[in-house]
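Hi everyone, thanks for making time today. Let me put the structure up on the screen, and then we can walk through it together.

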Amino acid sequence: MHTKTISIATEFSPSPAGRFVEDGPYPGAVFRDKFLLPAIQSNAKVIVDMVGTELAGSSFLEEAFGGLVRAGLSEDTLRKKLELKSPRESDPLRIWRYIHDEAIRSN
């Protein structure tokens with residue numbers, strides 16, 4: 001399995017915000033559909049690098065990452081294929097909580 005690193009700050013936006021397209025130019029749905037899903041579906045281990053980003057809101061994080069479960073990926077698959085890198089200790093904790101909560105809702 002190859003590794004793909006996605007830098008949110010340089011490849012998407014240093015200020016990601018919102019859930020849907022109508023919420024602004026850099027919402028979670030666009031990040032998920034344009035960056036995360038294609039990378040994960042390409043059988044890569046995906047490192048999401050949040051260095052250089054402002055604190056992302058819950059709507060962005062939940063849609064981008066919890067939305068992966070709604071797109072058909074299991075929490076187990078995501079734990080194997082997704083690595084989170086952030087200068088803030090809280091970001092990975094929040095993201096895994098959104099993934100876990102959506103996995104429970106989906107079952």
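Let's begin with the crossing of helix 3 and helix 5, which is right-handed. Keep in mind that this is a predicted model. Helix 3 and helix 5 pack with their axes 8 Å apart, at an angle of about 45°. That angle makes helix 3 oblique to helix 5. If you wonder why I quote those two values, packed helices are described by the angle between their axes and the distance between the axes.

So which residues meet there? On the helix 3 side, they include Leu61, Phe65 and Val69, and on the helix 5 side, Ile95, Tyr98 and Ile99 are among them.

Look at strand 2 and strand 3, please. Four bridges join them, in the parallel sense. Across that pairing, Val48 stands opposite Leu84 in strand 3, and Asp49 has Lys85 in strand 3 as its bridge partner.

Which residues of strand 3 are on its covered face, and which on the uncovered one? Leu82 and Leu84 are on the covered face, while Glu83 and Lys85 are on the uncovered one. As a reminder, in a regular strand the side chains alternate between the two faces of the sheet.

Finally, the core. The largest nonpolar core has 29 residues, and Phe31, Leu36, Val48, Phe65, Leu68 and Leu82 have the most contacts inside it. At least two residues of this core come from each of helix 1 (8-12), helix 2 (28-41), strand 2 (45-49), helix 3 (58-70), strand 3 (82-85) and helix 5 (90-106).

Setting aside neighbours within four places in sequence, Leu82 is in contact with Leu36, Val46, Val48, Phe65, Leu68, Trp96 and Ile99. In soluble globular proteins, nonpolar side chains tend to be buried together.

Definitions and conventions:
Residues are numbered from 1 along each chain as its sequence is written. This is a predicted model: local features need pLDDT of at least 70, side-chain atom pairs count only at pLDDT 80 or more; totals for chains, interfaces and linings use all residues. Side-chain values use heavy atoms; hydrogens and water are left out. A nonpolar core is a set of buried Ala, Val, Leu, Ile, Met, Phe, Trp, Tyr and Cys residues joined through side-chain atoms within 4.5 Å. Buried means under 20% relative accessible area, exposed over 50%, partly exposed in between (1.4 Å probe, protein chains only). Contact means heavy atoms within 4.5 Å. Two strands pair if DSSP finds at least two bridges between them. Axes are lines fitted to C-alpha atoms, for helices over the stretch in contact, and angles run from 0 to 180 degrees between N-to-C directions. Angles under 35 degrees count as roughly parallel, over 145 as roughly antiparallel, 65 to 115 as roughly perpendicular and the rest as oblique. A crossing is left-handed if the near helix is turned anticlockwise from the far one by less than a right angle, and right-handed if clockwise.
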